[in-house]
Amino acid sequence: MRIRRRWAIPVLGLVAFSGCTDEIPTSEGGGDIPVDAVSYELHLPFESFGRDFQVFGGFGTQADLPGAVVAHEWQGELEARTLIRFGGLPATVDARPPDGEEDETEASEYVPVSGQVVIRFDPDRVEGGSLFELEGGSTQTDWHRRSASWEMAVDTIGDRRPWPEPGGGPVRPAGVELWDSAEGDSVIFAVDSVTVAEWEDLNRDDRGFLLRSLTEGSRLHIADAQLRVQVRPTIDPDTLIEVSTTERELTFIYSPDPPLSTSAFQIGGAPSRRATFRIVLPETLEGDEELCALVTCPVPINADLLVYAGLELRTRESENPGFQPFDSIAVDIRPALSPDRLPRSPLGPPILADAEVLSPELFQGEPGVVEIPMTRYVRDLFRGENPQTGDPVPSTLAILTEFEPWDLEFGTFQGPGTEGAPSLRLIFTLSDGVRLP
Amino acid sequence: MNESVTRTSALPSRVGRPATLKGMVMALVPLLFLPIGADGQSQLASEGLGLVMEPLDAHARGVGGVGVGLPGWYLQVTDPSASAGLVVPAITGSLQPSAATLTDGREVGHTRFPSIGASYPYGANVFSVHFGGFADQEFRLEDDIVLNLAGEPVEAVDRFESTGSLGQVRVGWSRRVLESVALGFNVGSYVGTVDRIFSRFLDPEAVGPDVEPFITTGRWRASGPIVGGGVAWDPSELIRLSASATWSGDLKLRPSAGGVTEVGRYPIPFEVRAGGTVALLPGLALSASLSHADWSETGDALREDESRGAAWSYGAGVEWSRPTILGRAMPIRLGVRQRDLPFHFDGEPATENMLSAGLGYNLTDPEAFPSARVDFSFERGERSAGPALEEEFWRSTVTVRLTGG
């Protein structure tokens with residue numbers, strides 16, 4: 001034991017020494033780095049890498065949006081009307097019985113006397129002035145919230161029924177109200193007891209409130225709506241009590257319905273539009289004089305040489321000015337996992353870590369360039385498989401909004417065959433490799 | 001003299017055998033987890049085949065020696081005959097922390113493990129195996145550059161990094177052919193790997209947030225034969241003279257990873273070493289030694305001829321062996337040495353000068369078995385190559401020697 005303890009002394013000393021930090025001498029190369037490398041940027045035109053360009057629509061409906069829109073001749077063309085369907089009112093109200101104490105109440109049935117439809121607007125999304133003339137009325141035609149459009153009241157599989165008149169059909173008028181956006185965020189329409197009674201029947205498919213704007217060049221975004229009803233309790237008919245709905249359903253119908261483009265990327269809208277195309281990467285790189293002086297041209301290219309890839313899209317104004325982006329659009333790219341099943345192909349996870357948020361100004365006036373970085377995807381595409389999973393890499397991409405639908409408006413980008421068609425920006429670094437001294 | 005080693009031979013070989021082997025192994029276990037020559041130590045690592053290392057122990061470094069001609073019997077790869085007198089199995093290992101202040105004032109540090117060896121006597125013959133360092137190729141170069149990408153300036157950083165280290169492994173035989181003369185031979189091979197990595201980092205603000213670095217790598221594995229031989233002669237009890245020579249075939253670097261195909265083939269020069277020790281007074285000994293190798297052919301094989309041709313190394317020192325602590329000898333050593341480094345730096349010949357001090361200590365009583373001994377040396381020196389290189393460094397070496405039956 002004595003010997004072993006003494007041996008521990010140098011051993012511990014060695015262990016202590018071994019804890020020293022190792023640092024590699026780092027020097028400025030001063031041009032002495034023994035590797036010749038050249039970085040080379042090229043912009044592949046769409047014709048060189050893009051195939052099977054298509055635009056699809058019909059993803060989601062405007063009923064999925066959190067609000068609704070009313071517009072009248074917005075940008076000279078857009079008409080939009082909002083349809084609201086209220087939930088049920090409470091079955092009873094608390095009222096004082098005829099012979100009860102002052103603070104005694106009990107549940108009582110009631111009789112509607114009158115009602116108000118309260119429409120609240122989003123003050124940040126009001127366009128076309130500050131004073132607006134709005135008209136409301138109760139719908140008289142059966143309609144289906146998720147499939148209703150400007151022409152069709154119901155448009156489901158096996159059941160297609162148009163409005164008697166496009167745009168919501170005839171209504172029982174609830175009047176015309178003036179709303180001054182400078183004085184408040186809401187407008188109120190009075191509805192009679194008959195209408196309220198009709199709306200209380202939740203089995204009726206024709207119940208609903210249609211709101212339209214009569215002010216030319218207006219576009220208003222509706223944030224919420226509520227039905228308030230004044231009622232008389234049957235046990236205390238001398239008292240008026242106000243009850244309100246806790247649920248409501250919003251949607252909107254609009255016209256025109258811009259056609260899907262065959263020559264431009266359309267991203268967004270409600271129902272949403274997507275653009276898809278297939279990427280075919282070149283196998284060799286035709287270099288310029290500088291590149292070919294270093295390596296033999298054409299240069300075989302692969303994932304290891306690629307350091308950056310970005311899809312360049314050039315914005316343009318929409319052919320339908322009423323559908324110009326009104327707010328930012330978050331654009332994403334996802335691979336189509338079964339391209340042969342487009343447009344209903346399932347999509348893979350987003351290629352981008354964060355969706356690319358595009359401001360509405362990009363789609364106004366001079367075209368802007370939007371570059372969507374996709375280096376890792378293109379590297380994997382060069383390899384032919386995902387290095388983490390070993391799965392093959394889909395070569396068909398869908399460009400779409402982060403959520404569908406995102407908004408009524410959609411972004412438009414120059415398509416194939418046009419000046420400003422998409423291009424693929426690629427940066428390669430090529431070298432003669434590391435060598436021995 | 002390596003008293004502890006020679007004296008323990010008088011003890012019965014059966015004493016504590018199981019504990020001895022276990023203790024020897026346990027004592028060296030920490031060393032096995034240390035990097036072997038894996039650390040950068042000088043800007044000279046980027047020149048030629050790197051900074052050529054000498055697998056010397058703390059005793060040799062303490063007296064400014066080049067690895068031959070020290071008194072006693074010991075394991076030293078540069079002195080094949082020096083193990084001829086070891087009569088019990090022995091293992092030895094060295095650990096070498098060091099630090100350097102580079103030309104521009106930056107400081108780097110590293111720890112390496114320059115040698116480990118084991119010997120086993122069989123009859124009058126002693127067989128040995130030795131691992132040792134050969135060349136350190138750890139360095140990194142960085143350049144800030146501006147590229148022209150599609151007509152736009154883009155900042156980038158180029159980085160070249162070399163890691164890994166070349167070493168050697170040899171198996172040897174030695175024998176005392178006369179009472180005063182010993183011979184030794186060894187044969188082995190170069191071992192180790194060299195990794196070279198080039199990276200280019202483009203400025204993400206100029207290119208895009210998704211830009212990836214460009215990286216290209218290569219790995220080579222070293223091989224090549226080495227044959228060494230030496231003779232030790234004790235003309236009297238006061239004098240030890242030794243000489244050794246090492247012949248190497250070409251050092252071959254064969255690609256083993258990274259997609260490189262280049263094969264490196266570098267002639268390594270014939271190297272001779274000679275030295276001796278003389279006792280001046282009781283307890284005071286003077287040692288001196290030198291070595292020579294001509295690296296001209298190696299330079300011819302390099303992409304750029306960076307060799308200086310003939311490279312000499314010489315040094316001398318004294319050992320005062322009378323001091324004791326707790327009744328055990330603790331020799332004190334002083335030395336001075338100069339070494340011509342085989343490769344130029346920036347076109348200038350490079351030289352290493354150093355002063356050294358050291359001591360040794362028996363960790364066990366002289367009569368104890370097994371025997372454990374530790375030697376420590378401290379070197380302070382500088383490397384220079386014209387105005388382009390002026391490095392100051394310190395280097396300490398700890399050598400543990402364990403013997404047992």
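The model is a predicted one. Chain A is divided into two parts: domain 1, made up of residues 37-59 and 259-431, and domain 2, which spans residues 78-255. The area buried between domain 1 of chain A and domain 2 of chain A is about 730 Å², and the rule finds two salt bridges across this interface.

**Domain arrangement and contact**

- A distance of 44 Å separates the C-alpha centres of domain 1 of chain A and domain 2 of chain A.
- Nine residues of domain 1 of chain A and six residues of domain 2 of chain A take part in the contact.

**Composition of the interface**

- Carbon and sulfur atoms give 64% of the roughly stated total of about 730 Å² buried between the two domains of chain A.
- On the side of domain 1 of chain A, the residues that lose the most area to domain 2 of chain A are Phe323(A), Phe326(A) and Leu408(A), which together give 62% of what that side buries.
- Three residue pairs, with both members at pLDDT 80 or more, are found in polar contact across the interface of domain 1 and domain 2 of chain A.
- The side of domain 1 of chain A that touches domain 2 of chain A consists of five nonpolar residues, one polar residue and three charged residues.
- A salt bridge links Glu409(A) and Arg219(A), with 2.5 Å between the closest N and O atoms.

**The site of Thr245(A)**

- Thr245(A) is located in the loop that joins β16 (241-244) to β17 (248-255) of chain A.
- Thr245(A) counts as buried because its relative accessibility is 5%, and the cut-off for this class is under 20%.
- Leaving aside residues up to four places away in sequence, Thr245(A) touches Phe86(A), Gly87(A), Gly88(A), Leu89(A), Gln226(A) and Leu227(A).

**Helix α5 of chain A**

- Helix α5 of chain A, residues 375-383, is mostly covered, with seven of its nine residues buried.
- The buried residues of α5(A) are Thr375(A), Tyr377(A), Val378(A), Arg379(A), Asp380(A), Leu381(A) and Phe382(A).
- These buried residues of α5(A) pack against strands of chain A, namely β19 (272-279), β22 (306-316), β25 (369-373), β26 (396-401) and β28 (423-431).
- Gly384(A) follows α5(A) and has a positive phi, near 90°.

Terms used. Residues are numbered from 1 along each chain as its sequence is written. Chains are lettered from A and ligands numbered from 1 in the order in which they are written. This is a predicted model: local features need pLDDT of at least 70, side-chain atom pairs count only at pLDDT 80 or more; totals for chains, interfaces and linings use all residues. Side-chain values use heavy atoms; hydrogens and water are left out. Domain bounds come from an automatic or database domain assignment. Contact means heavy atoms within 4.5 Å. Buried area is the accessible area (1.4 Å probe) that two parts lose on being put together, summed over both. A salt bridge is a side-chain nitrogen of Lys or Arg within 4 Å of a carboxyl oxygen of Asp or Glu. A polar contact is a pair of N or O atoms within 3.5 Å; within protein, one must be able to donate a hydrogen and the other to accept it, and residues adjacent in sequence count only if both atoms are side-chain atoms. Ala, Val, Leu, Ile, Met, Phe, Trp, Tyr, Cys and Pro count as nonpolar, Asp, Glu, Lys and Arg as charged, and the others, Gly among them, as polar. Helices (H or I, at least four residues) and strands (E, at least two) are DSSP runs, numbered from the N terminus. Buried means under 20% relative accessible area, exposed over 50%, partly exposed in between (1.4 Å probe, protein chains only).
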